[in-house]
Amino acid sequence: IAAVYVVGRRWLSPLATWVAVGLITLSPVSVVYAQETRVYALLPLVYLAVLYATDRVLSARPERRSRWLLALALAEWVGVHLHYIAGFVVVYAAGWALLTLARRRDWATLRAWLWTQAGVGLASLPWFGAVVWNATAVQAEANAGTFAAEPAPLDFLLTQVWGFHLTGLAGILGQPLFRGLTLATAVALALLLVWRLAQPPTRQTALAWLSHWLLPLVSALVVWSVRSFSHPRYVTIF
């Protein structure tokens with residue numbers, strides 16, 4: 001909740017920030033997984049931290065850049081040790097940073113950022129080594145939930161993830177009332193996005209947020225292509 005407030009105050013208006021804080025406070029998926037001693041409640045915090053730290057690195061004055069590079073490194077290192085799904089936001093943030101710095105020709109910041117990423121890689125070597133050493137067991141675990149021979153249909157995947165995002169319940173689509181409500185929410189969100197994108201003052205911000213949300217969320221397609229019966233909590237981070 002505090003992280004949503006901090007991120008909102010940087011990128012959104014005060015009203016939008018408080019709306020976001022209210023939504024995350026009452027979000028069913030947040031409430032459900034806050035009651036479990038598992039990583040799923042912590043992963044969205046990592047996601048916000050990586051995005052926020054990357055933005056601060058790209059905009060900080062030279063004398064303050066080091067602290068934000070350190071914060072970014074810590075967020076990335078913690079994230080990849082919590083769950084492999086955090087690797088997708090690390091890759092997304094890396095692409096964002098590389099494109100921005102190359103476009104600016106800010107080679108000094110780019111070198112510092114590359115050294116930071118190298119440090120994260122070195123600090124993660126024990127974890128990567130354990131994965132390689134136990135490759136057989138990792139492969140068996142990755143296939144543990146596969147109950148269907150064919151990949152999950154895209155429409156089923158999208159509705160499953162969206163319904164879970166709104167309710168925190170994987171089986172909610174079995175109830176006709178909630179199917180209708182989730183569809184109505186999706187339509188309302190789509191209309192709001194079209195309205196915002198049609199207004200030049202808010203278009204750039206809306207596009208940036210869509211990128212931060214949808215591009216990492218594409219990882220769901222990768223996850224379900226490997227495990228065709230994955231649980232939607234794997235992409236709760238996004």
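Buried means under 20% relative accessible area, exposed over 50%, partly exposed in between, with a 1.4 Å probe and protein chains only. Tyr-40 has a relative accessible area of 6%, so Tyr-40 is buried. Some housekeeping. This is a predicted model: local features need pLDDT of at least 70, side-chain atom pairs count only at pLDDT 80 or more, and totals for chains, interfaces and linings use all residues. Residues are numbered from 1 along each chain as its sequence is written, and side-chain values use heavy atoms, without hydrogens and water.

Now the rings. Rings of Phe, Tyr and Trp (its six-membered ring) pair if their centres lie within 6.5 Å; planes under 30 degrees apart are stacked, over 60 edge-to-face, the rest tilted. The structure holds 8 aromatic pairs. In one of them, Tyr-33 and Tyr-40 have ring centres 5.7 Å apart and planes at 70°, so the pair is edge-to-face. Tyr-33 is buried at 7% relative accessibility. Tyr-33 also pairs edge-to-face with Phe-164, at 5.9 Å centre to centre and 65° between the planes. Phe-164 is buried too, at 2%. Ring pairs link Tyr-33, Tyr-40, Phe-164 and Tyr-234 into a cluster.

Next, the helices, which are DSSP runs (H or I, at least four residues) numbered from the N terminus. Helix α1 (residues 2–11) packs on helix α4 (residues 43–59) at about 35°, with axes 10 Å apart. Axes are lines fitted to C-alpha atoms over the stretch in contact, and angles run from 0 to 180 degrees between N-to-C directions. Contact means heavy atoms within 4.5 Å. Among the residues that meet are Val-4 and Trp-11 in α1, and Leu-48 and Tyr-52 in α4.

Methods:
Helix = DSSP H or I, 4+ residues; strand = E, 2+ residues; numbered from the N terminus.
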